Amino acid sequence: MVMFHLKVIAVDENLNVVQQSNVQFDSELSEYSTQGGVHVHSDRLTVTSPVLMWVKALDIILQKMKNAGFDFSKVKALSGSGQQHGSVYWKKGARQVLQNLDAEMHLHELLQGSFAVLDSPVWMDSSTTEQCLNLETTVGGAQRLADVTGSRAYERFTGNQIAKIYKTRPELYQETERISLVSSFASSLFLGNYADVDYSDGSGMNLMDIFTKQWSQQCLSATAPQLEDKLGTPVPSTAVLGPISTYFVSRYGFPADCKVVAFTGDNPGSLAGMRLQEGDIAVSLGTSDTVFLWIKDPKPTVEGHIFCNPVDCQAYMALICFKNGSLTRERIRNECAAGSWEVFSKALRSVPMGNNGNIGIYFDAMEITPPTAGVHRFNEENSKVAGFSEEVEIRALVEGQFLAKRVHAEKLGYKIIPGTRVLATGGASSNKDILQVLSDVFGAPVYTIDTANSACLGCAYRAMHGIVAEKGVHFAEVIRNAPEPKLAVTPTLGADKVFEPLLKRYAELEERVFKESQQ
C-alpha cells in the first residue's frame, strides 16, 4: 500500500511476474473523497486516511484478480508492505470479529465497527511537534533517542502519533484494543487475527530499541499508558505469522496452508525489491534524493534513519533523504546549460574530476541533511567565492551532491567493501555523465535498476524467502533468478586519490556552513 493506491504482484517460482493489478483510491473509492489517498485537515498539518477505504480496496483488488481468472489455489505464501509510520486503532472486540469472518460478506462490511479511530494518521502528518519534544526531553535528547530507536523524534513517526491521540482523544485510546502499523494491519486482515509488527517497520516508530529488537520501556512510558499491551511483541521480518484466514480460503480459494509472512514498511520492502546486498548503496535521484544503505554496524545520528534490515535479521538498513535533488539540478541546467541536458553533460565532461579543488554546496530549499539553506562556493583554499564559471558550477553541483551522500552515509556506519555496488534509480539515472561522477565519488561501479514496483516486488520475494528462512536459507539465494541490474559505468582510474581528500574537505565545509547558519 502506498499513499494513492493498493497494488498487487504475483510471481511464480522462477520470479516471473504472472499477475499484477491495482486500485486507485481517489477514483475507484471516490465515496471517501480523498486527494492522493489522504485527507489534509484545515490546520494543514494533520493528514489522515480512512481506514475502511484501505479495507474496501482489498475487497476490490481480490475481486479484480478473481475476475481475471487468477488461480488463488496455487498461492504458497504472501507478504506485503504498507506506507511507513501510519497507524490503525482496532476497537475492543475486533479480534473476535477477525477470527469469525463470514465468507459470504465483504471485509469492509464485516469490519465496519472494528476501529476506534476511523481516520488513520499517515506519514505526511506533521502535527505532533509537542509530542516529539516531550519524547526527546524524557529520554535525554535527540541523539540519545536515535541511539536507542535509530532516529531522533519525527512528527510522522508512530509513537508521536499515538501520544497525540492519547492526549487529544483519550476516550478513543481507551477504546483501542490493539494498535497496528499499516503493514501489520494489512497482514492482520489476511491472518484473521492481530499480526505482530515486524522489526524493520517497527524501527520507524521511535518506540523500538533497534539493538535488542524489543520495545524501549522508556519510550513506551513517555508515549502513553498500557501501550505495550496494545502493541504486541515485535517479530522478525522474515517470520511466518501463520496460515491464511479461512475467510480467504472459502471466498477466493486460497489453499488452507498458504503462509502469511510478516508484512513490512514500503521503504524496507523497496530494499528487498532492489535486492540490496551487504555493502551496496541505492541512490534514488528524484525530486528529493534518497539513499538506501545496507549496514552491518550502524551508528545512529540525528540525521537519517537506521532500521532493522527486512531480509537479514542480523543486519541493518539506513535511509537518508536529501531535499535538494532534481529541482536544483534543473535550475543549474537552466542557468548554466541553456536548459539542455546535452550541454550540461558536455560541461561536466570538460572539467577534470575533483573540479580543480572547487567545492559547491547547493541548498536551494531548506535541506534535511543538514537542516540549513543557501548556496555556498569554495575555492581550493576553502575560501568563499561569489561565483564559478558555468562548467565549474555544473561539476561543483554534481560532485557536491554525491560527496554529501557519501559523507552522510559513512557517518551512519556505512562502509564501502570489495564488491560494493551503487544502484541508481530515478530521473537522473538515465544520464551517464552524472552516473560517472557518482561512480567516481563512491569508487564503485554504478548499476541502473527499474524500481517502478520495487516495494511490491520486494514483498513477493520476501514471501518466497519466508517459506525457507527458518531453515537458514539466505534471501540472496532465493532471489538469484531475479533479473540483474544493468552495469552503467565503472570508476575512472585514480578517482579514489582525487576524492579521498575532497570528502574530508566537503564534510568540514558543510559543518562550517551549518554552524554559521546557527549563529
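In which loop is L15 found? L15 lies in the loop between β1 (5-11) and β2 (17-24). This is a predicted model, in which local features need pLDDT of at least 70, side-chain atom pairs count only at pLDDT 80 or more, and totals for chains, interfaces and linings use all residues. Residues are numbered from 1 along each chain as its sequence is written, and side-chain values use heavy atoms, with hydrogens and water left out.

**View 1. L15 in its loop.** L15 is not a glycine, yet has a positive phi of about 70 degrees. Its relative accessibility is 5%, so L15 counts as buried (under 20% relative accessible area, with a 1.4 Å probe and protein chains only).

**View 2. The cis peptide bond between T369 and P370.** Omega is about -5 degrees at this bond. P370 belongs to the loop between β19 (359-363) and β20 (374-378).

**View 3. S270 in helix α14 (residues 266-273).** S270 is buried because its relative accessibility is 11%. Its side chain makes a polar contact with the side chain of S454 (3.3 Å); such a contact is a pair of N or O atoms within 3.5 Å, and within protein one must be able to donate a hydrogen and the other to accept it, while residues adjacent in sequence count only if both atoms are side-chain atoms.

**View 4. N206 in the loop between α10 (199-202) and β10 (208-209).** N206, a residue other than glycine, has a positive phi near 60 degrees. With a relative accessible area of 0%, N206 is buried.

Note on methods:
Helix = DSSP H or I, 4+ residues; strand = E, 2+ residues; numbered from the N terminus. Buried < 20%, exposed > 50% of the residue type's maximum accessible area, 1.4 Å probe, protein only.
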